[in-house]
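Me: Can you walk me through this structure? I'll ask as I go.

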Amino acid sequence: MLKYILKRVGYTLLALFIITTATFFLVRLIPGNPIEAMTEKLPDSIRQQFFEQYGFDKPLTEQYKLFWENLLTKGDLGESLKYRGRKVTDTIAQYAPVSGRLGLQAIAIGVVSGIILGILSALNRGKLVDYLVMFIAIFGISIPNFVIASLLQYFLSIKLGWFPTTGWGTFSYTVLPSLALSLNSTAKYARYMRANCLDVLNQDYIITAKAKGMGKTHLIFKHVLRNSILPIITLLGPQIALMFGGAFVVEKIFSIPGLGSYFVSSVSDRDYTMIMGQTIFMAALYIFAVLVVDILYGFIDPRIRLADTKEGGN
Amino acid sequence: MNQPSYQVKSPLDFELKTEDFAFAGAREKQNQILRPSVSYWQDAWRRLKKNKAAILAIIVLAVVVIMCIIGPSLTPYSHEDVVMSDKNSPPSAVHYFGTDKLGRDIFTRIWVGGRVSLTLGIVGALIDITVGLLYGGISSYFGGNIDNIMMRIVEILASIPYLVLVVLVSLVVGKGMGSLLIAMTLTGWCHMARLVRGQILQIKDQEYILAARALGTSPWKIIWKHLIPNTLGVMIVSVTFDIPSFIFGEAFLSFIGLGVQAPMTSWGALAAGAQQEMNFYPYQMFFPALLISLTMLSFQMLGDGLRDALDPKLRQ
Amino acid sequence: MEKVLEIKNLSVSLHTYAGEIKAIRNISFDLFHQETLVIVGESGCGKSMTSKAIIQLLPENIAETSEKSQIMFEGQNLAQLPEKTLKNIRGEKISMVFQDPTTYLNPTMTIGAQIGECLSLHKKMTRAEIRQQTIEILGKVKISNPEARLKQYPHEFSGGMRQRVMIAMALACRPKVLIADEPTTALDVTTQADIMDLIKELQQELGTAVILITHDLGIASEVGNRIQVMYAGEIIESGTKEQIFNSPAHPYTWALLRSVPTVSAARTDSSGSHKLYSLPGTPPDLIAPPKACAFAGRCEYCMDICNRVHPPVFEDRDGHLVSCWLCHPQAPKVEIPVKTKGDKHHE
């Protein structure tokens with residue numbers, strides 16, 4: 001198990017390094033060298049400071065070295081090119097919690113409703129409930145979340161006035177965006193859960209449990225749920241990070257001051273240092289979430305636990 | 001022999017004659033009733049036909065494709081015509097789907113945009129599967145260290161959050177269809193490569209391949225007769241599921257301003273433009289959203305249907 | 001002798017994609033107190049299906065037990081009982097051991113929890129009592145160090161050990177009937193004998209009646225009191241072990257006996273040919289089962305009538321039942337092509 005974790009951590013660090021490096025060079029590859037162009041507009045004194053700190057006037061390799069130095073020693077991802085003096089890390093610290101809350105709410109809705117719907121449809125396979133749930137699920141997967149967000153906003157807010165249209169504040173502000181964000185994951189979890197459940201229901205050990213004289217409810221809670229929910233955990237990692245990193249479109253539509261909408265603004269402002277910093281942050285978050293979930297899963301599922309001690313990793 | 005004497009447990013209701021007990025010749029024996037054998041593709045098609053949702057999806061997709069081809073010529077307008085006097089007009093007999101804030105005919109723009117979105121989806125998925133096939137094929141063919149290294153590369157590439165990377169690459173390569181394709185396929189092929197490799201490895205180890213090899217079947221024949229028929233189903237299904245992700249990706253990029261440039265348009269660009277007018281002219285949002293959703297839904301249902309129809313395990 | 005289980009006219013069909021498979025076709029048999037009844041037959045003949053049908057464990061969505069089927073147990077017809085009542089019988093009064101202990105044990109639950117489950121479902125016991133009982137049962141199935149083993153997962157056990165766990169689970173509530181569906185097929189030959197011995201031993205200790213499903217005539221001759229031969233969803237011959245092995249009457253039983261590889265057969269075969277007998281042909285398609293004798297197509301002794309009329313059940317004075325026209329008084333006498341006379345087993 002330890003060997004497995006070390007191996008996974010190793011790959012994660014390597015992936016992070018590659019992504020960071022790629023991001024760094026990609027941004028500098030943008031035609032017309034926008035960083036230089038943008039820094040030219042800055043007042044002399046500030047430009048001087050920029051150059052000193054980030055070495056924009058030096059050759060690429062120098063810049064690259066300086067970038068890592070700043071990142072590793074000071075945790076500094078640079079400053080915004082658009083808003084003077086605004087640090088990328090500060091911006092992330094300011095906006096990420098909003099996205100985080102929204103994301104967690106959406107995931108909670110998605111996971112809970114998805115699992116319930118998935119189980120319901122698996123247990124009623126081939127019946128009306130099953131078709132209904134699968135119908136919802138396929139809609140949830142097929143309809144882009146900006147469509148859902150727009151529809152929710154138009155009907156529940158503008159037409160009915162139940163919720164605020166845009167902005168951020170009390171809980172009622174979070175309802176529509178959370179719903180819009182969650183529908184897709186509800187659908188995903190419902191489908192996945194249904195497949196898992198059906199798979200587990202077809203396992204021989206379910207027959208054993210029935211042969212023991214176990215009733216349906218008991219069977220579902222003790223054997224089916226346990227074994228079919230476990231794999232769901234693996235979906236959680238990427239989901240958490242993606243939501244945290246910002247549901248770009250949904251945040252934009254509801255004008256929520258989160259990382260996602262800020263990222264979109266940075267893109268339209270061509271604020272390259274900001275884009276770079278956020279990209280690295282989101283990538284790191286994503287990779288770490290996947291790593292943590294994978295390791296957790298290894299601890300929870302006894303089958304994986306053994307496979308690893310026997311073979312020393314996948 | 002000391003055969004014990006048996007008696008019928010419940011008496012028979014008919015008489016038996018001695019000739020009834022004459023031994024039957026070999027020819028008189030019952031022939032085994034065999035079910036007619038059906039080829040894999042015939043069987044798959046038969047099962048797909050039974051799936052009403054999939055058939056409906058095929059019809060919807062066919063209609064959408066046909067409309068994308070002929071739709072723009074059904075109106076006297078071009079997708080670029082700006083008529084400021086006729087802006088934001090609701091759907092009518094003159095403008096079937098209404099006009100946008102520049103007075104452009106939405107009906108025309110929808111089908112022109114559909115060309116872009118569908119082309120992106122289909123070409124993108126084809127690029128993904130081609131690269132994936134080559135990469136996964138090479139990786140599983142050589143095996144050993146090469147396979148190991150190639151798969152590690154895929155693992156790292158796939159661990160980069162997709163949308164973030166797409167945005168970054170779009171910023172570098174610029175706008176337009178080619179750039180969008182590059183951005184979206186740059187790591188999009190990774191899951192295809194994994195899938196191909198997994199399939200090939202799984203089949204390579206199967207007994208019937210071993211048997212074929214032991215019988216001296218040439219590698220090409222094995223690939224043609226065994227590998228391809230057994231992986232093709234999975235590939236077709238994954239391509240079907242891949243197309244909507246491109247359509248969605250394009251819509252997403254349009255939303256954050258990195259999609260195709262005006263006056264050219266796409267479903268994503270139309271939806272993004274309409275979103276800003278949503279509060280006042282919701283009909284502008286309705287048609288692009290409907291077409292995106294309908295197309296994605298159809299591909300989903302078709303993919304589900306194909307998966308069920310092509311799964312050899314389900315065959316009995 | 002006291003009848004524990006009485007099965008009458010049991011028919012089961014499976015609704016599959018290809019059509020309706022008539023997997024069990026109108027079979028009747030009894031199980032007596034403390035006896036071991038062996039059901040033999042080749043794969044797909046419906047023997048496993050029969051065992052699952054008894055406690056109504058067939059896949060609900062595709063299997064259908066015909067309405068006139070009767071599975072009488074303690075005055076109740078299991079085929080008609082609602083799930084609620086059935087679940088009190090399963091595991092407590094009738095329990096099952098399955099073929100592959102690897103897939104029939106839940107991989108994410110400890111052995112202790114899985115055995116304890118049977119007790120907590122049927123007996124009012126405290127946790128400590130359950131634990132105590134579980135340890136006791138594990139000891140009974142000869143698993144060493146049961147206290148430590150309780151906390152282990154199935155994958156930490158060997159195949160034979162897992163089957164012992166399955167047996168422990170099945171016998172935890174001291175059932176009246178134990179159905180063992182090919183309990184040794186997935187195991188090594190060396191462990192097979194151990195498992196069979198264990199079942200026999202516990203059967204005597206607990207007074208359980210056993211239905212043993214197997215395709216292995218060797219096992220049947222070892223442990224069976226009575227033997228039933230199934231072919232294409234029907235019971236074609238049944239009798240005591242002696243009747244089946246010493247004076248088999250159905251051509252299919254002859255074929256089965258001839259195709260058993262035995263060390264002694266190879267050695268004593270005087271003709272010098274060591275080739276094993278194999279029955280030509282395949283069993284009939286049960287989607288459209290033959291109306292007459294199902295075995296006729298493969299039978300060496302097939303007669304005119306065999307292709308036209310389904311054979312009735314014939315019975316001799318000692319209760320040996322055969323479903324074959326050859327037993328009809330008017331039928332020609334044929335010589336049994338199998339060496340019998342106790343050279344297969346010694347009593």
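Me: In chain B, among contacts between residues at least 6 apart in sequence, what share join residues at least 24 apart?
Reply: The share is 70%. Keep in mind that this is a predicted model.

Me: What is chain B built from?
Reply: Chain B has eleven helices and one strand.

Me: In which order do the elements run from the N terminus?
Reply: The order in chain B is β-α-α-α-α-α-α-α-α-α-α-α.

Me: How does the radius of gyration of chain B sit against a compact globule of 316 residues?
Reply: Such a globule would come out near 20 Å, but chain B has 29 Å. Along the principal axes, the C-alpha atoms of chain B fill roughly 110 × 60 × 30 Å.

Me: What part of chain B is buried?
Reply: Buried residues are 47% of the 316 in chain B.

Me: Let's switch to salt bridges. How many are there over all chains?
Reply: A search of the whole structure gives 21. One example in chain B joins the side chains of Asp304(B) and Arg307(B), at 3.0 Å from N to O.

Me: Where do Asp304(B) and Arg307(B) lie?
Reply: Both are in helix 11 of chain B, residues 282–310. They sit three residues apart, about one turn of the helix.

Me: Is Asp304(B) buried or exposed?
Reply: Asp304(B) is buried, because its relative accessible area is 15% and the cut-off for buried is under 20%.

Me: Which side chain meets Asp304(C) in a salt bridge?
Reply: That is Arg308(C), at 3.2 Å from N to O. Asp304(C) has 25% relative accessibility, so it counts as partly exposed. Arg308(C) is partly exposed too, with 48%.

Me: What does Lys3(C) pair with?
Reply: The side chain of Lys3(C) meets that of Asp30(C) in a salt bridge, 3.5 Å from N to O.

Me: Which parts does that pair tie together?
Reply: Lys3(C) lies in strand 1 of chain C, residues 3–16, and Asp30(C) lies in strand 2. So the pair ties together parts that are 27 residues apart in sequence. Lys3(C) is partly exposed at 41% relative accessible area, and Asp30(C) is partly exposed at 22%.

Me: Which residues are linked with them in a network of salt bridges?
Reply: The network links Lys3(C), Glu6(C), Lys8(C) and Asp30(C).

Me: Now the backbone. What is phi of Gln34(C)?
Reply: Phi of Gln34(C) is near 65°, a positive value in a residue other than glycine. Gln34(C) is in the loop between strand 2 (19–32) and strand 3 (36–40) of chain C. Its relative accessibility is 36%, so Gln34(C) counts as partly exposed.

Me: And where does Ala232(C) lie?
Reply: Ala232(C) is in the loop between strand 10 (226–231) and strand 11 (234–240) of chain C. Ala232(C) has a positive phi of about 50°, although it is not a glycine.

Me: Why does Ala232(C) count as buried?
Reply: Because its relative accessibility is 3%, and buried means under 20%.

Me: How many residues of helix 1 of chain C are buried?
Reply: Six of its eight residues are, so the helix, residues 47–54, is mostly covered. The buried ones are Lys47(C), Thr50(C), Ser51(C), Lys52(C), Ala53(C) and Ile54(C). Just after helix 1 of chain C, Gln56(C) takes a positive phi of about 55°.

Me: Last topic: chain A against chain C. How many residues does each give to the contact?
Reply: Chain A gives 21 residues and chain C gives 27 residues. Together they bury about 2200 Å², with 60% of it on carbon and sulfur atoms.

Me: How many salt bridges cross that interface?
Reply: The rule finds two across the interface of chain A and chain C. The side chains of Lys212(A) and Glu117(C) meet in a salt bridge at 2.7 Å, N to O. Twelve residue pairs are in polar contact between chain A and chain C.

Me: Which element gives the largest share of the chain A side?
Reply: Helix 9 of chain A gives the largest share of the side that touches chain C, with six residues. By class, that side of chain A has seven nonpolar, six polar and eight charged residues.

Terms used. Residues numbered from 1 in each chain as written. Chains lettered and ligands numbered in written order. Predicted model: local features only at pLDDT ≥ 70, side-chain atom pairs only at ≥ 80, totals over all residues. Heavy atoms only, no water. Contact = heavy atoms within 4.5 Å. Buried area = accessible area lost by both parts, 1.4 Å probe. Salt bridge = Lys/Arg side-chain N within 4 Å of Asp/Glu carboxyl O. Polar contact = N/O pair within 3.5 Å; in protein donor to acceptor, adjacent residues only side chain to side chain. Helix = DSSP H or I, 4+ residues; strand = E, 2+ residues; numbered from the N terminus. Nonpolar A, V, L, I, M, F, W, Y, C, P; charged D, E, K, R; others polar. Rg over C-alpha atoms; globule rule 2.2 N^0.38 Å. Buried < 20%, exposed > 50% of the residue type's maximum accessible area, 1.4 Å probe, protein only.
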